[in-house]
Amino acid sequence: MAMAMAAVGLALLFMAPQADATRFIVGGGGVGWTTNVNYTVWAQGKHFYNGDWLFFVYDRNQMNVLEVNKTDYESCNSDHPLHNWTTGAGRDVVPLNVTRHYYFISGKGFCYGGMKLAVRVENPPPPPKAAPLNDKSGSSPSATFYRGQLVLPAAFAIAALWDTFVRIW
């Protein structure tokens, strides 16, 4: 029973989809969300994809993170934010889960000191297509057969080791 569970667990591990979401520390690890940083320059060259995260690190006693519309972003108006991401800890995470433009500012006058960030979130690029198999690639039926003879026994050997490990503990 345990060996079957280990085999199923191993199979699920190999079939699990890969999560490619990125967590961006706004401003970089050593700077964070603070004044006198050009966040437009920081965001240049970065691709923000649906599913990524923005991580704002800042002085919670002075600053905040407000999501605003484009007009309020351009004028540094914090009177009517779309969302206040400030949790009070100074470590705020914003999920980028919709493909659109996001605009963030810090209120209390800090926006005028440069604390504003605009990002465009896009869908991730499609995964690369696998090259078609052909006879010239060296992948003959016998090579596929030998690969199958190695992979399946290796998976069972790992499952047997796992079963032994579980029984000992």
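Valine 26 touches Gly32, Trp33, Tyr39, Trp42, Leu54, Phe55, Phe56 and Leu117, leaving out residues up to four places away in sequence. A contact here means heavy atoms within 4.5 Å. Before going on, a word on the source: this is a predicted model, where local features need pLDDT of at least 70 and side-chain atom pairs count only at pLDDT 80 or more, while totals for chains, interfaces and linings use all residues. Residues are numbered from 1 along each chain as its sequence is written, and side-chain values use heavy atoms, with hydrogens and water left out.

Back to valine 26. Where does valine 26 sit? Valine 26 is in the loop between β1 and α2, the latter being residues 39–43. Helices (H or I, at least four residues) and strands (E, at least two) are DSSP runs, numbered from the N terminus. Valine 26 has 0% relative accessibility, so it counts as buried. The cut-offs are under 20% relative accessible area for buried, over 50% for exposed, and partly exposed in between, with a 1.4 Å probe and protein chains only.

Next, another loop residue. Serine 106 lies between β7 (101–105) and β8 (116–122), and is buried at a relative accessible area of 1%. Setting aside neighbours within four places in sequence, serine 106 contacts Trp33, Met63, Asn64, Cys111 and Met115.

Three strands form an open sheet in the order β1-β3-β6, with mixed pairing. Because β1 (23–25) and β6 (91–96) are at the edges with a single partner strand each, one side of each has no neighbour in the sheet. Neighbouring strands of this sheet are turned by 25° against each other on average, direction ignored; the axes are lines fitted to C-alpha atoms, and angles run from 0 to 180 degrees between N-to-C directions. Strand β3, residues 52–57, pairs with β6 in the antiparallel sense over 6 bridges. Two strands pair if DSSP finds at least two bridges between them. Within that pairing, valine 57 stands opposite arginine 91 of β6.

Last, the whole chain. How many helices and strands does the protein chain have? There are 4 helices and 8 strands, in the sequence pattern α-β-α-β-β-β-α-β-β-β-β-α. Of its 169 residues, 28% count as buried. Among contacts between residues at least 6 apart in sequence, 69% join residues at least 24 apart.
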